[in-house]
Amino acid sequence: VWGNIGNQLSCDIQGFMYVTATGSSIFYTASLSLYFFLFIRYSWPEENIRRVEPLFHLTSICYPTTMSILCLYGGAYNPTSVFCFPAEYPPGCTDDCTRGAKLEYP
């Protein structure tokens with residue numbers, strides 16, 4: 001990609017941080033929405049909310065971090081048009097991929 005500076009290690013770091021931060025942000029937003037839904041709509045007492053709060057934090061941190069580690073282990077972080085992200089390399093490859101081959105998203 002024109003203007004890129006770095007190597008595979010910097011791409012791996014950028015991809016890892018991007019996937020972890022974006023995933024955590026999505027899960028924390030969902031957790032906050034669920035919190036307000038339970039608190040306002042169903043009038044959950046603070047005691048019940050405190051019991052599920054660790055689950056909110058656990059899923060918001062552990063799931064994105066696990067996905068990022070799996071992508072890192074599988075060599076999936078590769079340059080795309082703008083930044084490093086889980087993708088095949090070279091772009092558009094099918095059977096002759098050097099990195100990130102056979103990526104399937106859940």
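Helix α1 buries Cys 11, Asp 12, Gly 15, Val 19, Thr 20, Gly 23, Ser 24, Ser 31 and Leu 38. Buried means under 20% relative accessible area, exposed means over 50%, and partly exposed lies in between (1.4 Å probe, protein chains only). The model is predicted: local features need pLDDT of at least 70, side-chain atom pairs count only at pLDDT 80 or more, and totals for chains, interfaces and linings use all residues. Residues are numbered from 1 along each chain as its sequence is written, and side-chain values use heavy atoms, with hydrogens and water left out.

Confidence comes next. pLDDT is the predictor's confidence in each residue, from 0 to 100. The protein has a mean pLDDT of 87, and 89% of its residues reach 70 or more. Helices (H or I, at least four residues) and strands (E, at least two) are DSSP runs, numbered from the N terminus.

Now follow α1 itself, residues 8–41. Asn 7 caps its N-terminal end: a side-chain oxygen lies 3.1 Å from the backbone nitrogen of Leu 9. Such a polar contact is a pair of N or O atoms within 3.5 Å; within protein, one must be able to donate a hydrogen and the other to accept it, and residues adjacent in sequence count only if both atoms are side-chain atoms. The expected span of a helix is 1.5 Å times one less than its number of residues. Just after the helix, Ser 43 takes a positive phi of about 50 degrees.

What do the buried residues of α1 pack against? They meet α2 (46–73), β1 (77–79) and β2. Contact here means heavy atoms within 4.5 Å. Take Asp 12 in α1. Its relative accessibility is 15%, so Asp 12 counts as buried. Leaving out residues up to four places away in sequence, Asp 12 touches Leu 72, Tyr 77 and Arg 99. Gly 15 has 0% relative accessibility and is therefore buried. With the neighbours up to four places away again left out, Gly 15 touches Tyr 77 and Cys 84. Gly 15 and Cys 84 are 69 residues apart in sequence, yet 5.0 Å apart in space, C-alpha to C-alpha.

Cys 84 also forms a covalent link. A disulfide, a pair of cysteine sulfur atoms within 2.5 Å, joins Cys 11 to Cys 84, with S to S at 2.0 Å. The pair links distant parts of the chain: Cys 11 sits in α1 and Cys 84 in strand β2 (residues 84–86), 73 residues apart. The torsion about the S-S bond is about -125 degrees, so the disulfide is left-handed. Cys 11 is buried at 5% relative accessibility, and Cys 84 is buried at 8%. A search of the whole structure finds one disulfide. Elsewhere, Cys 62 is partly exposed at 37%, whereas Cys 71 is buried at 15%.

The buried residues of α2 are Ile 49, Phe 56, Ser 60, Pro 64, Ser 68 and Cys 71. What covers them includes α1, β1 and β2. The 28 residues of α2 should span 40 Å, and the end C-alpha atoms are 40 Å apart, which agrees. A kink of about 35 degrees lies at Val 52, shortly before the proline Pro 54. The bend at a residue is the angle between axes fitted to the seven residues ending there and the seven starting there. Just after α2, Gly 75 takes a positive phi of about 65 degrees.
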